[in-house]
Amino acid sequence: MKAAYILGIESSCDETAAAVVRAGEELISNVVASQIATHQPYGGVVPELASREHLRAIVPVVRQALAEARQTYDTVDAIAVTQGPGLAGALLVGISYAKALAFALDKPLIAVNHLEGHIHAVLLEERQKGNHELQFPVLALVVSGGHTHLYLAAQKGDAWTYENIGHTRDDAAGEAFDKVAKLLGLGYPGGPVIDRLSPHGDAGAVKFPPAQIKHRDRRGRKDGRAVESNVEGNDDHPRFDFSYSGIKTAILRYVEAHDMRAAIDARRQALTKIAKPKLEDYLAHCDKRTLNLVASFQRAIVDDLVGKTLAAARSYDVATLFVTGGVAANRELRETFEREGAKEGLPVYFPSRPLSTDNAAMIAAAAYPKFLANDFAPMDFSAEAGMVLR
Ligand code: KG4
Ligand code: ZN
């Protein structure tokens with residue numbers, strides 16, 4: 001059988017993306033239409049606008065991905081699409097289009113979990129580099145605008161399974177970057193700006209108390225009893241949960257205690273007038289205190305993510321660590337994981353920065369094992385906004 005070419009489609013949040021990947025191991029084309037400009041004035045993703053923008057972009061983005069791959073609707077072997085988690089209306093655009101294509105072309109349709117996609121972004125690029133020797137157990141940190149999840153990933157035959165051993169109790173790490181940037185008048189999305197500003201501040205200037213997770217996690221059962229997770233974990237392992245809403249509140253208090261409001265409003269107004277602010281523009285509108293606050297915030301998040309993830313890696317005695325999702329693009333996070341992982345002899349793999357944030361290549365890559373297993377989606381499947389990865 002010839003190696004399968006899978007067309008992937010992703011529309012779960014604010015990126016309309018399409019890609020062609022061969023046999024889960026070779027990225028042939030990867031097109032991402034970002035909606036940042038649409039959502040920027042609102043300081044966050046507006047779901048209704050996201051759906052509208054996906055509708056506008058989906059056809060040209062898919063056409064471009066096929067053209068760049070020198071493929072046609074007829075030559076691809078299957079169509080893969082994100083089923084969830086994500087914004088229901090946004091997911092539906094990709095799903096409806098993928099269904100229509102699969103039906104019209106009489107091709108198999110594959111439904112992919114977005115989080116599994118982020119994990120397969122790492123696998124795709126490692127295979128592309130010729131690295132086929134993966135040591136198990138694999139621990140994957142998926143850290144993005146919507147998620148901060150730790151999964152143990154296992155492979156049985158072609159199929160992959162996942163066990164969640166930790167997640168955020170409140171805000172995702174990327175969400176904290178976005179909210180803090182908004183609070184400080186730095187615009188949207190916050191991660192990339194804070195990433196670039198942090199080296200210009202003193203990361204030791206402001207101390208944040210470590211996140212306290214005291215209450216049991218009541219998610220998982222309708223009667224309120226924790227089943228998926230609790231603070232203590234199961235008999236053999238503790239849980240490795242995260243919490244990032246406290247640090248956001250601490251920053252708000254810091255801003256108020258240091259009378260930073262007027263300067264923040266002035267910065268917000270000045271930056272909105274610049275179409276695409278550069279690093280120099282941000283620096284020109286940030287005083288030392290703000291830069292120190294930003295650097296200290298990033299350091300606190302990075303230390304927490306790295307500390308908990310490595311503690312989980314030790315507890316489960318894992319052989320390989322993946323760090324993926326939008327926040328995995330963060331330079332300090334990558335450097336810290338590499339440095340601390342090396343101290344423990346733990347290999348750490350990241351996607352390249354373009355494949356860290358949302359894209360469709362990861363969806364096409366995650367679909368390949370399902371393609372091999374004939375694990376196809378029925379035509380009546382629907383979007384699952386809160387889809388769980390197992
Ligand atoms: O994976 P992604 O594109 O979408 C979701 O699935 O959520 O992640 C987007 C998130 C945003 O919160 C954004 O601020 C964050 O990733 N992000 C970063 C960086 N680049 C994107 N956070 C920290 N540093 C970055 N360089
Ligand atoms: Zn994502």
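Predicted model: local features only at pLDDT ≥ 70, side-chain atom pairs only at ≥ 80, totals over all residues.
Good morning. I begin in the loop between H10 and strand E9 (320-324), where alanine 319 lies. With a relative accessible area of 26%, alanine 319 is partly exposed.

Let me turn to ligand 1. How many residues surround ligand 1? The shell holds 20 residues, and the closest are Gly145, Asp178, Asp195, Gly326 and Asp358. Sorted by class, the shell around ligand 1 has 11 polar, five nonpolar and four charged residues.

Which element supplies the largest share of that shell? It is H6, with four residues. At least two residues of the shell come from each of helix H4 (114-128), helix H5 (173-183) and helix H6 (190-197).

In histidine 114, an N or O atom of the side chain is 3.2 Å from an oxygen atom of ligand 1. In serine 144, a polar side-chain atom lies 3.4 Å from an oxygen atom of the ligand. Asparagine 330 places a polar side-chain atom 3.0 Å from a nitrogen atom of ligand 1. As for cover, ligand 1 has 550 Å² of accessible area on its own, and the protein covers 91% of that area.

My next topic is aromatic rings. A pair of aromatic rings is described by the distance of the centres and the angle of the planes. In this model the count comes to six aromatic pairs. I shall present two of them.

One is formed by tyrosine 151 and tyrosine 162, with 6.4 Å from centre to centre and 80 degrees between the planes, and this pair is edge-to-face. What does the pair tie together? Tyrosine 151 lies in strand E7 (residues 148-156) and tyrosine 162 in strand E8 (residues 159-167), so the pair links parts that are 11 residues apart in sequence. Tyrosine 151 counts as buried because its relative accessibility is 2%, under the 20% cut-off. Tyrosine 162 is buried as well, with a relative accessible area of 7%.

The other pair consists of phenylalanine 177 and phenylalanine 297. Why is this pair edge-to-face? The ring planes of phenylalanine 177 and phenylalanine 297 stand at 75 degrees, with the centres 5.2 Å apart, and an angle over 60 degrees places the pair in that category. Because phenylalanine 177 lies in helix H5 and phenylalanine 297 in helix H10 (residues 288-315), the pair ties together parts that are 120 residues apart in sequence. Phenylalanine 177 is buried at a relative accessible area of 3%, and phenylalanine 297 counts as buried at 0%.

I move on to the loop between E8 and H5, where threonine 168 lies. Is threonine 168 buried or exposed? At 5% relative accessibility, threonine 168 counts as buried. A polar atom of the threonine 168 side chain lies 2.6 Å from the backbone oxygen of aspartate 171.

I close with points of backbone geometry. Which residues are joined by a cis peptide bond with omega of about -10 degrees? They are glycine 84 and proline 85. Proline 85 lies in the loop between strand E4 (78-84) and helix H3 (88-105). A cis peptide bond also joins phenylalanine 136 and proline 137, with omega of about 0 degrees. The place of proline 137 is the loop between H4 and strand E6 (138-143).

There are also positive phi values to report. Arginine 70 is not a glycine, although its phi is positive, at about 55 degrees. Arginine 70 is found in the loop between helix H2 (47-68) and E4, and at 77% relative accessibility it counts as exposed. Asparagine 374, likewise a residue other than glycine, has a positive phi near 55 degrees. Asparagine 374 lies in the segment after helix H13 (361-372) and is exposed, with a relative accessible area of 57%.

Thank you for your attention.

Notes
Residues numbered from 1 in each chain as written. Chains lettered and ligands numbered in written order. Heavy atoms only, no water. Near = heavy atom within 4 Å. Polar contact = N/O pair within 3.5 Å; in protein donor to acceptor, adjacent residues only side chain to side chain. Areas by Shrake-Rupley, 256 points an atom, 1.4 Å probe, with all protein chains shown as cover. Nonpolar A, V, L, I, M, F, W, Y, C, P; charged D, E, K, R; others polar. Phe/Tyr/Trp six-rings, centres within 6.5 Å; stacked < 30°, edge-to-face > 60°. Buried < 20%, exposed > 50% of the residue type's maximum accessible area, 1.4 Å probe, protein only.
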